[in-house]
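Thanks for making the time; I would like to walk through one model with you this morning, so please have a look at the display before I go on.

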Amino acid sequence: MIKNYLKIAWRNLLRNKAHTFINVAGLSVGMAVAMLIGLWIWDELSFNKYFRSYDHIVQIMQHQTFNGTVGTQNAMPIPLGTKLRQDYTGNTKDFKYVVLSTWVGDHILSHGNKKLTQPGGYMQAEAPDLLTLKMLKGSRKALNDPTSILISETVAKALFGGTDPMSQMIKIDNTWTVKVAGVYQDIPGSTDFKDLTFIAPWDLYMTSEPFLKKYAATQWGSNSWQIFAQLNSKADAAKISARIKDLKIAGLSGNGDKVGLTFKAAIFLHPMSKWHLYSEFKNGINTGGAIQFVWMFSIIAVFVLLLACINFMNLSTARSEKRAKEVGIRKTLGSLRKQLISQFFSESLLVAGFAFLLSIVIVQLTLPWFNQVADKKMTVLWASPLFWITGISFSLITGLIAGSYPAFYLSSFQPVKVLKGTFKAGRLAALPRQLLVVLQFTVSVTLIIGTIIVFRQVQFSKNRPVGYQRTGMIQLGMKNEIIHKHFNAVRNDLLQSGAIVEMAESGSPITGVWSNNSGLTWRGKDPNLQDDFGTIPITHEFGKTAGWKIISGRDFSRSFLSDSSGMILNEAAVKFMGFKNPLGQIIKWGKDFKVVGVVKDMIMSSPYDAVKPTIFHMLDGPGSFVDIRINPNIGAHDAITKIEAIFKKYDPDSPFDYKFTDEEYAKKFADEERIGKLAGFFTILAIFISCMGLFGMASFMAEQRTKEIGVRKVLGASVFGLWRLMSKEFVILVTISLTIAIPVAYYFMFGWIKNYKYHAELSWWIFGATAAGAILITLLTVSYQSIKAALANPVKSLRSE
């Protein structure tokens with residue numbers, strides 16, 4: 001019986017090739033979208049699960065109250081880590097391991113003549129065990145030796161090729177010589193430690209700068225490091241958070257740090273399972289994060305697949321009258337309704353099976369592009385039984401859903417009415433199809449509006465004035481003091497070469513604020529006001545190099561020796577301090593500083609947030625960055641070649657690694673642009689599926705109304721009049737979709753866009769243009785069949801009837 005069902009189903013599919021093509025193509029695209037999104041969701045949900053202790057790893061974080069608003073950060077003081085290691089770690093205590101760590105950053109690794117700039121960090125000895133690194137050579141315990149280093153497989157190959165790296169010597173930042181004591185498997189990209197290509201001992205780091213042991217190791221208010229921990233098997237994270245909540249307050253009290261105490265620090269544990277998808281905090285409450293995109297794309301996947309299923313149901317029910325006699329004859333010959341239902345389900349399952357196979361091909365072909373856009377390294381899980389079970393089950397469910405309405409609807413026909421020729425579907429029979437078309441375009445229009453608003457918000461933020469000239473500027477991270485010691489000589493050589501306009505040193509990149517301080521005082525300060533300023537040390541040439549805009553006072557100048565105690569404020573700092581006339585004001589910060597100038601706000605952090613009150617002061621030691629303004633009168637390549645040659649003259653042992661400032665700034669929009677591109681891609685596919693359905697419906701309608709069109713032409717109807725008659729129904733349906741989709745899209749996108757401090761307005765033209773575009777797409781889709789039917793010879797159409 002099943003074989004017979006499939007044979008008849010196959011013949012029916014071949015007999016109606018256009019109908020079959022639309023169904024298979026629509027379903028395959030819908031399934032491919034669902035698969036791609038499914039792979040993306042799987043990758044997101046499995047983030048960090050590479051680590052075997054995933055369920056027990058936490059990060060120590062803190063809430064701090066600032067002028068009534070609670071902020072959350074993962075930058076922590078060293079003595080907190082020391083306290084946790086001493087009093088809370090052990091087999092019978094809360095933590096199995098507690099590990100202090102620097103932030104992962106770029107460092108120079110050199111062996112002989114080979115020099116690489118690689119991201120890595122300094123971590124305490126238990127880090128490899130906490131991360132359960134997969135060691136290819138050596139032991140996880142190697143970091144107990146402060147002269148050792150663990151490197152990734154990629155770094156080992158890059159530095160040593162085919163030579164055994166064990167016990168080989170490496171120099172870090174041209175300063176510290178360490179011995180390779182282990183090689184670990186590269187950490188996958190779907191983890192928060194993907195950039196950790198080497199781990200150097202924490203003890204070595206603590207001896208690298210005198211201030212670390214003399215100051216940072218004991219100061220509870222210095223938040224510049226990270227702390228990771230692994231819970232013991234039966235430990236409860238919530239209970240531990242409650243026990244350690246006030247540790248920092250106790251430490252600040254012991255230091256006598258009255259300013260630090262005003263921030264009311266509350267320590268808590270943030271589980272690794274929430275790092276990636278639940279990373280956002282608002283006013284001390286974990287409000288979510290990337291999980292919103294998981295939900296968003298899950299909904300898109302369901303709706304796109306639903307659109308494809310709607311096409312199948314619409315076309316199948318639309319052709320009901322053509323199959324009515326078949327149903328009548330089968331029932332007359334003794335077929336039971338359940339047998340007819342099985343027959344129609346076999347057709348839909350056969351279509352779903354073909355669509356599934358085609359969708360796998362589509363996924364395989366589009367996955368490289370999808371990975372590039374999504375910044376992933378996903379692969380189809382060919383060897384996974386779960387993938388095939390899910391895929392086949394998915395196809396069965398899709399086939400059952402898509403074939404359910406046609407199966408139950410067609411099998412309900414009465415054989416007497418059908419065979420007498422008195423069966424007519426009636427006007428109400430088209431109502432379900434019309435509702436499905438409305439649903440299709442409601443979803444498509446909502447996606448279109450959402451995509452436009454996302455792209456517009458990104459463009460709005462890109463066009464926001466940044467307060468400096470980011471084009472034609474490069475920045476270099478300094479790993480030693482050589483360039484600083486020869487700063488004037490390097491600058492003079494570069495100026496004489498004609499390659500640059502200006503050069504400066506700074507303590508932060510121009511695209512970030514790396515240092516924050518509080519406890520500043522000034523005349524008129526409210527004693528209850530908590531201050532928190534970005535503090536950026538710079539050299540005199542920074543303003544000219546960056547191209548900032550002085551709006552009051554003057555820039556730093558080597559002509560003024562007093563500038564060593566001078567400050568330049570941004571507009572946000574002036575507003576925060578409440579100065580009406582900031583020039584000449586004295587600000588106490590360890591010593592007295594005098595305000596010499598005010599600059600226009602510069603966007604150095606997130607372009608979506610308000611500019612942080614920031615203070616610029618003179619650099620009194622080596623800077624972390626060298627900022628260079630390239631001469632616009634010569635090509636960038638030629639300029640950089642000259643700059644590199646001069647840098648190598650003074651520091652031949654360091655790689656010349658530079659970054660264009662405008663490219664670094666563009667990275668701030670990467671997440672939103674990525675989401676926008678993915679949403680746009682899926683929106684286009686949703687529109688494609690909807691248009692295929694419309695095309696099929698228009699084709700069927702033209703076929704069904706052949707005689708009517710012929711009669712109308714004989715009676716004098718024009719081609720335009722017939723086109724308008726056949727297109728009107730679809731335009732009305734799309735118009736109904738627009739009246740539903742526009743308020744829905746406005747509601748959800750308004751809620752999304754208000755999360756940004758600076759955002760584009762939801763202008764009326766976005767909705768108007770989308771409405772006009774949807775109607776135009778509808779007319780273009782149905783016009784081919786409408787005009788074809790209108791141009792047909794009425795003699796032939798009437799004769800055929």
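Which residues are linked in a network of salt bridges? They are Asp43, Glu44 and Lys376, where a salt bridge is a side-chain nitrogen of Lys or Arg within 4 Å of a carboxyl oxygen of Asp or Glu. Please keep in mind that this is a predicted model, in which local features need pLDDT of at least 70 and side-chain atom pairs count only at pLDDT 80 or more, while totals for chains, interfaces and linings use all residues. Residues are numbered from 1 along each chain as its sequence is written, and side-chain values use heavy atoms, with hydrogens and water left out.

By the salt-bridge rule the count comes to 21. One of them joins Lys141 to Asp129, with the closest N and O atoms 2.8 Å apart; because Lys141 lies in the loop between β6 (135–138) and β7 (148–152) and Asp129 in helix α4 (residues 127–130), the pair ties together parts that are 12 residues apart in sequence. Helices (H or I, at least four residues) and strands (E, at least two) are DSSP runs, numbered from the N terminus. Asp129, at 11% relative accessibility, counts as buried, whereas Lys141 is partly exposed at 48%; buried means under 20% relative accessible area, exposed over 50%, and partly exposed in between, with a 1.4 Å probe and protein chains only.

Lys462 and Glu673 also meet in a salt bridge, at 2.3 Å from N to O. Here Lys462 lies in helix α17 (residues 431–462) and Glu673 in helix α24 (residues 670–704), so the pair ties together parts 211 residues apart in sequence.
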